Amino acid sequence: MEETAAAAPAEKASSYRYWVREATGDAAPLPVPRKLDPAANGNGNPPPLGSVWNQAGTWEEKNLNSWANSRIKDLLGSLGSLKFPTGNASVDEVSKCSGDAFQVTVRNKKRVGYNYELSLRFKGEWLVKEENKKIKGHLDIPEFSFGEIDDLEVQVRFSDDKGLASDDKARICKDLKSFMAPIQEKMRVFEEELKGR
């Protein structure tokens, strides 16, 4: 029994160590961090699109949500007003602007895209039954994506439509859908600016 107790400490002292914690004199030096230089890619080719670390040009995605949200609000907030045969209306605020905008670099080619849902608050005044009536509401643009500007749909949602006959509502909705052309024009500007980023 005494022999086995004496053998145990000797075994611990000579056991194999998997991880070396002390550097010895013959160990390799530790690596020194270096900044990557985009101009010095070493192969004479132009620097790749995207990040410096992505020399092969594989998949890389950049989030452009904050820029896109503020830019859409700026563009559509400046729609101004339109006059109709029996009234006028103006868009005074982008009340909802939710979605994503992104830039993807894949195989050393840059692509952009977005997917948004918008709601624009309007106010206007129409001649209804020989009386000027102030009307407020929202122009809702359901989900749309890059390249779908010509297919946009506008849905009119009134804040308070009490006292409006159905034919008056239909006429006002038709008038408000005239905002489609200026909205499409502003969104084309947005797509061009997105491509240039």
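**Notebook: charges and rings**

I started at Arg111, which lies in strand 4. This is a predicted model, so I kept that in mind for everything below. Arg111 comes out as partly exposed because its relative accessible area is 45%, between the 20% and 50% limits. I then looked across to Glu61: the two C-alpha atoms are separated by 9.5 Å, while Arg111 and Glu61 sit 50 residues apart along the chain.

**Salt bridges**

How many salt bridges does the structure hold? I got nine. Side chains of opposite charge can pair when their charged atoms come close. I went through some of the pairs one by one.

Arg121 and Glu93 came up as a salt bridge, with 2.9 Å between the closest N and O atoms. This pair links distant parts of the chain, since Arg121 is in strand 4 and Glu93 is in strand 3 (residues 87-106), 28 residues apart. I checked the cover on both ends. Arg121 is partly exposed at 34% relative accessible area, and Glu93 is partly exposed too, at 32%.

Next I took Asp168 and Arg171, another salt bridge, where the closest N and O atoms are 3.2 Å apart. Both are in helix 3 (residues 166-176), and they are three residues apart, so about one helical turn separates them. Is Asp168 buried or exposed? It is buried, because its relative accessible area is 9% and the limit for buried is under 20%. Arg171 is at 25%, so I put it down as partly exposed.

Lys195 and Glu192 gave me a salt bridge with the closest N and O atoms 3.3 Å apart. Here the setting is helix 4 (residues 180-195), and a spacing of three residues again puts about one helical turn between Lys195 and Glu192. Lys195 is partly exposed, at 40% relative accessibility.

**Negative patch**

Which residues form the negative surface patch? I noted Glu143, Glu148, Asp151 and Glu153. I looked up Glu143 in more detail. It is placed in strand 5 (residues 131-145). Glu143 counts as exposed because its relative accessible area is 54%, and the cut-off is over 50%.

**Aromatic pairs**

Then I turned to the rings. I counted rings as paired if their centres lie within 6.5 Å, and by this rule I have six aromatic pairs. Phe84 and Trp126 make one that is stacked, with 5.8 Å centre to centre and 10 degrees between the planes. Why does this pair tie together parts that are 42 residues apart in sequence? Phe84 lies in strand 2 (residues 81-84) and Trp126 in strand 4 (residues 109-128), so the pair spans those two strands. Phe84 and Trp126 are both buried.

Tyr114 and Tyr116 form a pair that is tilted: I have 6.2 Å centre to centre, with 50 degrees between the planes. Tyr114 is buried, and Tyr116 is buried as well.

Methods
Residues numbered from 1 in each chain as written. Predicted model: local features only at pLDDT ≥ 70, side-chain atom pairs only at ≥ 80, totals over all residues. Heavy atoms only, no water. Phe/Tyr/Trp six-rings, centres within 6.5 Å; stacked < 30°, edge-to-face > 60°. Helix = DSSP H or I, 4+ residues; strand = E, 2+ residues; numbered from the N terminus. Buried < 20%, exposed > 50% of the residue type's maximum accessible area, 1.4 Å probe, protein only. Patch = residues over 30% accessible without salt bridge, like charges linked within 9 Å, V, L, I, M, F, W, Y side chains within 5 Å. Areas by Shrake-Rupley, 256 points an atom, 1.4 Å probe, with all protein chains shown as cover. Salt bridge = Lys/Arg side-chain N within 4 Å of Asp/Glu carboxyl O. Lys, Arg positive; Asp, Glu negative; His and termini not counted. Charge placed at Lys NZ, Arg CZ, Asp CG, Glu CD.
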